[in-house]
Amino acid sequence: MKKYLVLIIFLATFIRLSAQQKQLPLDDRGKYIYYEVVDTKTVNKDSLLQRAEFFINKVYKKSMKQESSTDSSVLASGTLVIDKTLLVAGHPSGEVKYNFTVEIRSGKYRFWLTDFEYIPYQRDRYGNFVATTNIGTPLEKAPGKLNSGQWKDILGGVSVKATKFGEDFKKVLATSRSEKAKKKEETISTKKW
Amino acid sequence: MKKLLTAIFAIASTTCALAQETPASPLEISGSVDTYFKYDFAKQPNNILTSFASDHNSVSLGMIDLALKKKTGKASFVGELSFGPRGQTQSIPDAASGNSSFHIQNLYINYDFSDKFAMTAGYMGTFIGYEVISPVGNFNYSTSYLFTSGPFQNAGIKATYKFSDKVSLMAGLFNDWNVYSATRGVSSVGGQLMVAPVEGWTAYLNVLSGAGGGGYGTIEDLTTAYQITEKFKLGLNAANYDIDNDGGGYSGVALYPQYAVASAVTLGLRGEYFKTKDVGAVTGTKYTAVTLTANIKSGGLTFIPEVRLDHNGDKPFLKNNGLSAPNAGQFSLAAVYAF
């Protein structure tokens, strides 16, 4: 009995922690946005542009599509999969469509994700989670009292995924692909002491 | 049950630990629980003989359904078990164990040879039809005659080739319907063409030929759904089943319009026409059924109030006094929780 109580308390704590995830801020249009400005004195504008396109078309190619580009900006759209966590495992609960913009100037760049639209997943006859509809609900559209708790979790999930996306993007823009290709994986030789 | 839960937690914990060392998707755990109250207007249990929700004037159990999925590299598995009347005695293959065991809903292994080509082997939910066993996968809580008469699951091996996001083709070899191991050998061949002509509209053209319900026969099936607007969705299922040597079969069509009246409330209608075919000198019979259903969602919970009216001129239904009747009706209220 004691074991079950500990388990229940642990579960309750975990669920509570999940619910306290932070949300994205709103922009001047009243839309949720993930926005960052990054200073990068060492990389020139063309390299940044190339790396941004590499990120969209190679690193995130399964979930992103490049829409257009100029000599100083790239526009793309994509989806983030939101997970529902149960104890230490979980499953995808839905996906969020977004628009992605990166603008580059000499010595710095900025990027943002916005126009988030949520599409819930449902388990299909084979046990796989698939989209229930093709029409998304804007994240700003509150779903009413009945589903407000779930919506908060979704907003928290989007914030986590968008932050991870931002970290991945900054990492790619800070890394030269040619240098990366040249750099061999470190090996350990047992021939020398 | 306790052992099973312990095993699930152990697997989940192990997965969490291993996830730091190998690039693999986490173990997915999902499932559902459902319960219902049904009142037959003629106070007759089993008056409308479609699958599930059979009790009258009783708060009764559906099933608890537990599903595990994991993908490592190109290989994945799904294992899904159900316990409770909907997932045991009413899901057919359990009869051999005296209707007391759990039921396997899905148990298969999949391998993605490429982004376009995959092969799957095991016991899988059927690719035929619109409705499924799991209450989470259906809008209506009661089921159609088409669902009840068709296969529930198929064991076999299938290959799927995805030409694009709009077209894919599946072909496979299967055992007879709803059995864990073949009683008549790998006796069926099946195929599915999926087309998505416009965004939001998906159609499946299905064929299954071989050993099935009532003998050897062939089912042709069309299952399609179109999300026409944000609020309005239309589904359709049409099927024809011919059993060889005048062994009967069925044909029918069901239409599923659904309209979201609020963010948490959707109303849906199921209109069905269903006909069993003549078996020798015994003539078939025709059913029409109309079901009005609401889905009220709050998080993982869905309340499903439903009114259903069925008609058959051959009077297969019962009145209050036990005499035969051409009409039957029922009200049900179900609660389904998906996690």
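This is a predicted model: local features need pLDDT of at least 70, side-chain atom pairs count only at pLDDT 80 or more; totals for chains, interfaces and linings use all residues.
Figure 1. Of the 193 residues of chain A, 26% count as buried. The secondary structure of this chain consists of 4 helices and 7 strands. Read from the N terminus, its elements follow the order α-β-α-β-β-β-β-β-β-α-α. Among the contacts in chain A with a separation of 6 or more, 51% are made by residues 24 or more positions apart.

**Figure 2. Helix 3 of chain A, residues 148-173.** The end C-alpha atoms of this helix are 37 Å apart, which agrees with the 38 Å that its 26 residues should span at 1.5 Å a residue. The buried residues of helix 3 of chain A are A:Ile154, A:Leu155, A:Gly157, A:Val158, A:Lys161, A:Ala162, A:Phe165, A:Phe169 and A:Leu173. An α-helix has 3.6 residues a turn, so residues three or four places apart point the same way.

**Figure 3. The largest nonpolar core, with 32 residues.** The residues with the most contacts inside this core are A:Ala52, A:Ile56, A:Leu80, A:Val96, A:Phe116, A:Val158 and A:Ala162. At least two residues each are supplied by helix 2 (45-59), strand 3 (73-86), strand 4 (89-105), strand 5 (108-123) and helix 3 of chain A. Helix 3 of chain A gives the most, with 7 residues. Apart from this core lies another, of 17 residues, which includes B:Tyr130, B:Ile219, B:Tyr250 and B:Phe274. In soluble globular proteins, nonpolar side chains tend to be buried together.

**Figure 4. The surroundings of A:Phe116.** When neighbours within four places in sequence are left aside, A:Phe116 is in contact with A:Tyr32, A:Val96, A:Tyr98, A:Leu139 and A:Val158. Of these partners, A:Val96 and A:Val158 are also listed, together with A:Phe116, among the residues with the most contacts inside the largest nonpolar core.

**Figure 5. Strand 1 of chain B and its antiparallel partners.** Strand 1 of chain B is mostly covered, as 10 of its 13 residues are buried. Strand 2 of chain B runs antiparallel to strand 1 and is joined to it by 10 bridges. Within this pairing, B:Ile29 stands opposite B:Leu68 of strand 2. Strand 18 of chain B (residues 327-338) is likewise antiparallel to strand 1, with 9 bridges between them. In strand 18, B:Gln330 is the bridge partner of B:Asp40.

**Figure 6. B:Phe339, in the segment after strand 18 of chain B.** Although B:Phe339 and B:Gly31 are 308 residues apart in sequence, their C-alpha atoms are 5.4 Å apart in space. B:Phe339 is partly exposed, because 17 other C-beta atoms lie within 10 Å.

**Figure 7. B:Phe152, in a loop of chain B.** The loop that holds B:Phe152 lies between helix 2 (145-149) and strand 6 (153-162) of chain B. B:Phe152 is buried, because 24 other C-beta atoms lie within 10 Å, and a residue needs 20 or more to count as buried. The C-alpha atoms of B:Phe152 and B:Asn178 are separated by 6.0 Å, while the two residues are 26 residues apart along the chain.

**Figure 8. The side of chain B that touches chain A.** Here 30 residues of chain B are in contact with 21 residues of chain A. Two or more residues of this side come from each of helix 1 (2-18), strand 1 (28-40), strand 2 (58-72), strand 3 (75-83), strand 5 (117-125) and strand 14 (286-298) of chain B. Helix 1 of chain B gives the most, with 4 residues. By type, the residues on this side of chain B comprise 13 nonpolar, 11 polar and 6 charged.

Conventions. Residues are numbered from 1 along each chain as its sequence is written. Chains are lettered from A and ligands numbered from 1 in the order in which they are written. Two residues are in contact if their C-beta atoms, placed from the backbone, lie within 7 Å. Ala, Val, Leu, Ile, Met, Phe, Trp, Tyr, Cys and Pro count as nonpolar, Asp, Glu, Lys and Arg as charged, and the others, Gly among them, as polar. A residue is buried if 20 or more other C-beta atoms lie within 10 Å of its own, exposed if 12 or fewer, and partly exposed in between; C-beta atoms are placed from the backbone. The expected span of a helix is 1.5 Å times one less than its number of residues. A nonpolar core is a set of buried Ala, Val, Leu, Ile, Met, Phe, Trp, Tyr and Cys residues joined through C-beta atoms within 7 Å. Two strands pair if DSSP finds at least two bridges between them.
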